[in-house]
Amino acid sequence: MTTDKIIVPLDVPDLDSAIALVDKLPQVTFWKVGLELFTSTGPTILEILKSRQKRIFLDLKFHDIPNTVAGACRAAASYGVDLLTIHATNGKDALKAAVEAVQIGAEKAGTKPPKLIAITLLTSISTRQLAFDLKIPLELPEFALQMALLAQESGLDGAVCSPQEVGQLRESCGNDFLLVCPGVRPTWAEKGDQKRSLSPSQAILAGADYLVIGRPITAAADPELAWNQIVEEINTVS
Ligand SMILES: O=c1ccn([C@@H]2O[C@H](COP(=O)(O)O)[C@@H](O)[C@H]2O)c(=O)[nH]1
């Protein structure tokens with residue numbers, strides 16, 4: 001179903017605002033909990049979402065040495081979430097340790113392990129910033145592709161990439177590799193800090209499994225209308 005492909009981030013500062021947003025958009029089945037909300041409120045929001053039968057993307061983007069990343073992944077896997085993120089630039093040792101840790105954490109807690117997916121390159125980074133600020137000599141989509149392949153070789157379930165690279169990643173990584181795209185912008189929405197965006201229909205056509213769409217919906221004057229417009233757009237191509 002189209003609506004299951006859209007993940008909406010709960011990028012709000014506190015629990016009350018999060019619950020208000022979930023109440024305002026009952027048609028959303030998949031919510032993302034990220035750094036802001038999790039840092040301010042901890043795992044309570046995860047229990048609330050689960051009690052409402054929502055799917056959960058816990059987007060904590062772990063980035064650390066293998067031992068620390070493994071510990072964080074073990075803990076995160078115990079929450080019974082559906083998706084969990086880690087940066088591909090952690091390197092192969094940490095990625096492999098994370099893969100093992102989510103299995104251990106989930107098994108110990110008696111839950112299903114989350115799909116572990118790797119951030120390839122944040123969608124707020126432009127090609128210019130990649131070269132001049134980060135001093136990375138590879139161009140896009142090559143850098144994102146190499147990060148996705150590293151994640152795949154390390155045993156991860158998928159990757160987070162911009163919709164501008166998802167076509168190349170799909171071609172190289174195959175259909176079983178989960179590709180999740182933030183940085184998606186309907187033509188009527190502002191881009192904000194997103195630098196490598198495409199529209200929802202373009203992202204789906206290029207091969208994305210899931211679209212993460214936040215402010216175009218959550219900051220809209222009428223979030224329900226914005227949601228309906230996006231669903232309608234995706235329905236024209238799927
Ligand atoms: O490369 C990335 C990885 C994660 N994100 C997250 O997705 C949402 C996007 O929100 P919008 O309001 O639609 O811009 C946000 O929670 C980010 O933390 C990303 O944008 N890019």
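**Helix packing and pockets in the predicted model**

Helix 4 (residues 66-77) and helix 5 (residues 92-109) pack with their axes 7 Å apart, at an angle of about 30°. Because angles under 35 degrees count as roughly parallel, helix 4 is roughly parallel to helix 5. The structure described here is a predicted model. Helix 4 passes helix 5 in a right-handed crossing. On the side of helix 4, the contact is formed by P66, V69, A70, C73, R74 and A77. These residues meet D93, A94, A97, A98, A101, V102, I104, G105 and A106 of helix 5. By class, twelve residues of this contact are nonpolar, one is polar and two are charged.

A further helix pair is formed by helix 7 (residues 142-153) and helix 8 (residues 166-173), whose axes come within 10 Å and cross at roughly 35°. The crossing of helix 7 and helix 8 is right-handed. From helix 7, the residues A144, L145, A148, L149 and Q152 take part in the contact, and they meet Q168, L169, S172 and C173 in helix 8. The contact of helix 7 with helix 8 comprises six nonpolar and three polar residues, with no charged residues.

Pockets were also examined. The largest pocket holds about 540 Å³ of space. Its lining consists of 28 residues, and D11, K32, K61, P182 and Q194 lie nearest the centre of the pocket. At least two lining residues come from each of helix 2 (35-41) and strand 3 (55-62). Strand 3 gives the most to the lining of the largest pocket, supplying three residues. Divided by class, the lining of the largest pocket contains twelve nonpolar, eight polar and eight charged residues.

The second largest pocket has a volume of about 220 Å³. It is lined by 14 residues, of which D82, K112, P113, P114 and K115 are the closest to its centre. In the lining of the second largest pocket, seven residues are nonpolar, two are polar and five are charged.

Terms used
Residues are numbered from 1 along each chain as its sequence is written. This is a predicted model: local features need pLDDT of at least 70, side-chain atom pairs count only at pLDDT 80 or more; totals for chains, interfaces and linings use all residues. Side-chain values use heavy atoms; hydrogens and water are left out. On a 1 Å grid over the protein atoms alone, a cavity is a set of points where a 1.4 Å probe fits but cannot get out, and a pocket is an open set with protein on both sides within 12 Å along at least five of seven lines; lining residues have an atom within 4 Å of a point. Grid points are joined across faces, edges and corners, and a volume is the space filled by probe spheres set on the points. Helices (H or I, at least four residues) and strands (E, at least two) are DSSP runs, numbered from the N terminus. Ala, Val, Leu, Ile, Met, Phe, Trp, Tyr, Cys and Pro count as nonpolar, Asp, Glu, Lys and Arg as charged, and the others, Gly among them, as polar. Axes are lines fitted to C-alpha atoms, for helices over the stretch in contact, and angles run from 0 to 180 degrees between N-to-C directions. Angles under 35 degrees count as roughly parallel, over 145 as roughly antiparallel, 65 to 115 as roughly perpendicular and the rest as oblique. A crossing is left-handed if the near helix is turned anticlockwise from the far one by less than a right angle, and right-handed if clockwise. Contact means heavy atoms within 4.5 Å.
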